[in-house]
Amino acid sequence: MSRITMLPSQESGNVYTVLLYRALATIGLHYEQFPFSLRWVLTHRRRDRFHYVHFHWPEVFFTLRPRAWTRLFGLKHYIVTHLVWLALVARGYKIIWTVHEVHVHDAEQLNWLHMASRRMLWNLASIVFFHTPDVRAEAERRWGRKRHAYTIPIGSYAGAYEDRVSRADARARLGIPAAATVFVFFGNVRPYKGVDILLDAFATVQRTAPDTWLLIAGKPYSPEFQAGLETQARDTPHVHLALGYVPDDDIQVYLRAADCFVAPYKYIETCSAIYLALAFELPIIIKSEGNVVDFEKQAIGIFLRDANEVGDAMRRFVEMPAAERDRMRQATHTAAHDYSWERLGGLYRDAFNAFEAGSA
């Protein structure tokens, strides 16, 4: 039997990782959690021949703040993190890294420390996974080729969240008229995701299409960033901000109230928002970059070359005939089926089988 542990644990509630390990269980990879603790790793040798420890976003283990002198720049956690990685290898565990992006989102200071950390994780990893060929190419350009490297897309989010509320009920709960055209942004509200661009664009759209609404829901990057968005949205009608943690059961309200998912990211390496849009059969406005490129040919929305084109795309959607919107919605249903976890599970099985056979 082979085992797999995610560090940190799944308590963060990221639906992608929940669905991933559920799919890995179907191919015989048993999920077993243990603590992120140097002491624990040093005193616990693996029980099975293959026990994998899976990392996704290395930067979640430490925060580097160059002006936080009393915290030594966050270096304590930085050092402990890397000692844990070395101890895992010494104790016989096999490290896996899913490289969602080469660059750390919104890292404006001490980025060289982040990149040094990622290089070390790359070198220690026995298996690396990617979701897009572009991220793989950039990682290999920076850090060299890996024998066991596999590109497997993210799976569908269909059925991952409660989906019982009707469009009419969702709009009634949010105070939105039945005939309005509603755009939604959902997810962690971070600078690189272009929410500031979206608010400016919607203000111009609203002037010529007053029966449009914009929903923005999700946890903000920082109190300062939240305050800036609230100030920016203050004078624009029909902007509904829900900046904070959104319970899983309430996600359906924002998605079912909408006609179109808008994600004007300034740059994209791996974007999971598109899978959430597909799960609720929402056409999407998004930049064609990273893993999004794979969806452009499926006609599930309006694809941008630059995030600043989002205003024109929103106006185009408002003016779009109902029949064209319906075709986009149907295409989202097909795309969600194409990325089923049942199909992707087989790709993961082949990857682990190839590694274990080569380690015999």
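Where is the place of His131? In this predicted model, His131 sits in the loop that runs between β5 and α5 (133-143). With a relative accessibility of 2%, His131 counts as buried, because that term applies to residues under 20%. Two polar contacts involve its side chain. One joins the side chains of His131 and Tyr16 at 3.1 Å. In the other, a polar atom of the His131 side chain lies 2.7 Å from the backbone oxygen of Ile152. If neighbours within four places in sequence are left aside, the residues in contact with His131 include Thr98, His100, Thr151, Pro153 and Ile154. Thr270, Asn291 and Tyr348 are also among its contacts.

Strand β4 is joined to β5 by 4 bridges, and the two run parallel; here Ile96 stands opposite Ile127. Strands β5 and β6 also pair in the parallel sense, over 3 bridges, and the bridge partner of Phe129 in β6 is Tyr150.

These strands are part of an open sheet of 6 strands with parallel pairing, in the order β2-β1-β3-β4-β5-β6. Its edge strands are β2 (29-31) and β6 (149-151), each of which pairs on one side only. Direction ignored, neighbouring strands of this sheet are turned against each other by 25 degrees on average. At the β2 end of the order, strand β1 (residues 2-6) runs parallel to β2 and is joined to it by 3 bridges. Ile4 has Tyr31 as its bridge partner in β2. Helix α4 (residues 111-124) packs on the sheet and touches β3 (50-55), β4 (94-99) and β5 (127-130). The direction of α4 makes about 130 degrees with that of β4. Beyond β1, the loop between β1 and α1 (15-25) contains Pro8. The peptide bond from Leu7 to Pro8 is cis, with omega near -5 degrees.

Strand β8 (residues 212-218) pairs with β9 in the parallel sense over 5 bridges, and Leu215 has His240 as its bridge partner in β9.

Which residues of α12 are buried? They are Val310, Gly311, Ala313, Met314 and Phe317. Seen down the axis of α12, the buried residues fall within an arc of 160 degrees, so they line one face of the helix. On the other side of α12, Asp312 and Glu319 are exposed.

The largest nonpolar core has 99 residues, of which Phe261 and Ile285 touch the most other members. Apart from that core lies another, of 28 residues, among them Ile95, Ala125, Val128 and Ala139. With neighbours within four places in sequence left aside, Ile285 is in contact with Val310, Ala313 and Met314, among others. Its contacts also include Phe183, Cys260, Phe261, Val262, Ala263, Ile302 and Leu304. In soluble globular proteins, nonpolar side chains tend to be buried together.

Glu281, in the loop between α10 (273-279) and β11, has a positive phi of about 55 degrees although it is not a glycine. Glu281 is partly exposed, with a relative accessible area of 27%. Ala299 is found in the loop between α11 (293-296) and β12. Ala299 is not a glycine either, yet it has a positive phi of about 55 degrees. The relative accessible area of Ala299 is 45%, and this residue is partly exposed.

Conventions:
Residues numbered from 1 in each chain as written. Predicted model: local features only at pLDDT ≥ 70, side-chain atom pairs only at ≥ 80, totals over all residues. Heavy atoms only, no water. Buried < 20%, exposed > 50% of the residue type's maximum accessible area, 1.4 Å probe, protein only. Arc of directions from axis to C-beta. Core = buried A, V, L, I, M, F, W, Y, C linked by side-chain atoms within 4.5 Å. Contact = heavy atoms within 4.5 Å. Pairing = 2+ DSSP bridges. Axes fitted to C-alpha atoms, helices over the stretch in contact; angles between N-to-C directions. Polar contact = N/O pair within 3.5 Å; in protein donor to acceptor, adjacent residues only side chain to side chain.
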